[in-house]
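Welcome, and thanks for taking a look. Below is a short briefing to read with the model open beside you.

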Amino acid sequence: MADSARRQSAVPENGHVSADPLAGDPTTTAPRSTEPLAAEAHTAGSRTAGALTKDLLTIAGRTLHSRLLLGTGGFPSLELLAESIRASGSELVTVALRRVDPAARGSLIDVLEREGVELLPNTAGCFTARDAVLTAKLAREAFATDWIKLEVIGDEDTLLPDAPELLKAAELLVDDGFVVLPYTTDDPVLARRLVDVGCAAVMPLGAPIGSGMGIRNPYNISLIREAVQVPVVLDAGVGTASDATLAMELGCDAVMVASAVSRAQDPIAMATAMRHAVDAGRLACGAGRIPRRTYATASSPRAGIAEFDSPA
Amino acid sequence: MIYLNGTPRDDPGEQTVAGLLRVLELAPDARGIAVAVDGEVVPRAGWSNFAIPDGARVEVLTAMQGG
């Protein structure tokens with residue numbers, strides 16, 4: 001079976017090569033989805049800055065040029081949010097659905113419309129499938145989109161997903177015609193189950209929401225990439241640009257960031273960093289990294305080396 | 001009397017969802033508004049006709065920064 005063969009090939013044949021999934025045979029770590037990128041790099045020439053211009057992300061038939069999704073939460077002002085969106089290059093941004101605030105200044109919707117980005121409503125704050133489904137339906141009414149970032153939270157302290165409720169809500173929403181992008185744990189089996197019920201993508205966490213802890217289990221993110229045929233969007237846990245790069249190097253199709261940008265000391269600079277980080281990781285993933293080795297491998301030839309000692 | 005976003009409210013002229021949104025100065029065609037009454041979505045097309053029952057829990061929601 002192809003899957004078991006792929007797993008076996010990850011076992012290092014050389015004792016000096018680490019079994020780290022980040023280190024293995026490029027064919028093991030580079031997912032199928034990166035093949036068009038690699039081909040393009042060869043034909044178009046990867047030295048040009050535009051190597052990624054035709055490397056589009058498609059989710060449920062919608063094509064995106066940017067592989068960075070931006071959350072709108074945590075920005076101290078709508079002005080800063082707008083500038084960060086521009087700096088990030090993101091085309092898809094998440095919003096929450098909350099009670100109208102009569103005292104609210106400025107309209108988030110107007111700002112997002114002006115920036116020309118698509119809205120991805122979420123079900124943040126929902127703890128049951130019932131609440132998440134109702135929130136998704138309300139979001140569809142409010143924003144005239146059937147896309148939903150499905151979040152069903154199981155624990156107030158960690159904000160980790162409630163797997164059974166998440167799966168139940170995903171199935172109900174898919175049946176109701178939604179394009180469902182579930183925020184999920186880094187469990188490859190759950191990811192597969194979510195895709196089995198019809199989710200358009202999976203959004204596994206790197207670490208708890210807002211923790212900035214990076215990708216705690218890169219092995220599982222690699223396994224998720226292998227386990228499903230839909231886009232994998234690393235969601236939650238990204239703290240800085242290198243975390244986003246790592247996600248892409250692991251084969252993720254996109255990265256979602258929120259707090260890492262909005263709560264950075266300079267959100268606009270961090271948004272810019274994230275844009276480059278995602279591009280860098282995407283290119284590196286397609287480029288096929290060298291394996292990690294314990295000992296050095298000389299990059300200069302041994303032949304023709306000068307001898308400075310006088311002959312004995 | 002209704003519960004508007006969790007707060008009791010006694011206001012005549014709010015018999016329909018559209019009427020309530022008018023009183024709240026939310027344009028009835030405003031993008032980004034959704035309404036639930038007693039845990040059920042009231043579709044936009046039904047706002048003018050939907051009569052809010054006495055004692056109903058009405059949630060009027062919109063986009064907020066999040067995620």
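Which residue is the bridge partner of Ala96(A) in β5(B)? It is Met64(B), and the model that shows this pairing is a predicted one. Local features need pLDDT of at least 70, side-chain atom pairs count only at pLDDT 80 or more, and totals for chains, interfaces and linings use all residues, while side-chain values use heavy atoms, with hydrogens and water left out. Residues are numbered from 1 along each chain as its sequence is written, with chains lettered from A and ligands numbered from 1 in the order in which they are written.

**Where the two chains meet**

- Contact here means heavy atoms within 4.5 Å, and on that basis 28 residues of chain A are in contact with 24 residues of chain B.
- About 2,200 Å² is buried between chain A and chain B, with carbon and sulfur atoms giving 61% of that area; buried area is the accessible area (1.4 Å probe) that two parts lose on being put together, summed over both.
- On the chain A side, the residues that lose the most area to chain B are Arg99(A), Val100(A) and Glu141(A), which together make up 31% of what that side buries.
- Between chain A and chain B, 13 residue pairs are in polar contact, both residues being at pLDDT 80 or more. A polar contact is a pair of N or O atoms within 3.5 Å; within protein, one must be able to donate a hydrogen and the other to accept it, and residues adjacent in sequence count only if both atoms are side-chain atoms.
- Three elements of chain A, β4 (92-99), α5 (108-115) and α6 (129-143), each supply at least two residues of the side that touches chain B. Helices (H or I, at least four residues) and strands (E, at least two) are DSSP runs, numbered from the N terminus.
- The largest share of that side, seven residues, comes from α6(A).
- By type, the residues of the side of chain A that touches chain B are 15 nonpolar, six polar and seven charged. Ala, Val, Leu, Ile, Met, Phe, Trp, Tyr, Cys and Pro count as nonpolar, Asp, Glu, Lys and Arg as charged, and the others, Gly among them, as polar.

**Strands and a salt bridge across the interface**

- β4(A) and strand β5 (residues 57-65) of chain B run antiparallel and are joined by five bridges; two strands pair if DSSP finds at least two bridges between them.
- One salt bridge is found across the interface of chain A and chain B, where a salt bridge is a side-chain nitrogen of Lys or Arg within 4 Å of a carboxyl oxygen of Asp or Glu.
- The side chains of Arg99(A) and Glu59(B) form a salt bridge, at 2.8 Å from N to O.
- Asn5(B) sits in the loop between β1 (2-4) and β2 (7-9) of chain B. Leaving out residues up to four places away in sequence, Asn5(B) touches Arg99(A), Val100(A), Val58(B), Glu59(B) and Val60(B).
- Asn5(B) has a relative accessible area of 12% and is buried; buried means under 20% relative accessible area, exposed over 50%, and partly exposed in between (1.4 Å probe, protein chains only).

**Chain A as a whole**

- Chain A holds 12 helices and 10 strands, and buried residues make up 48% of its 312 residues.
- Of the contacts in chain A with a separation of 6 or more, 67% are between residues 24 or more positions apart.

**Salt bridges within chain A**

- Over all chains, the count comes to 11 salt bridges.
- Arg62(A) and Glu118(A) form one of them, with their closest N and O atoms 3.6 Å apart. Arg62(A) lies in strand β2 (residues 62-64) and Glu118(A) in strand β5 (residues 118-121) of chain A, so the pair ties together parts that are 56 residues apart in sequence.
- Arg62(A) is buried at 19%, whereas Glu118(A) is partly exposed at 39% relative accessibility.
- Lys149(A) and Asp235(A) form a salt bridge with closest N and O atoms 2.9 Å apart. Lys149(A) belongs to strand β6 (residues 147-150) and Asp235(A) to strand β9 (residues 233-235) of chain A, so this pair ties together parts 86 residues apart in sequence.
- Lys149(A) is buried at 3% relative accessibility, and Asp235(A) is buried at 4%.
- Glu165(A) and Lys168(A) meet in a salt bridge at 3.4 Å, N to O; both lie in helix α7 (residues 163-175) of chain A, three residues apart, about one turn of the helix.
- Asp55(A), Arg67(A) and Arg282(A) are joined into one network by salt bridges that share partners.
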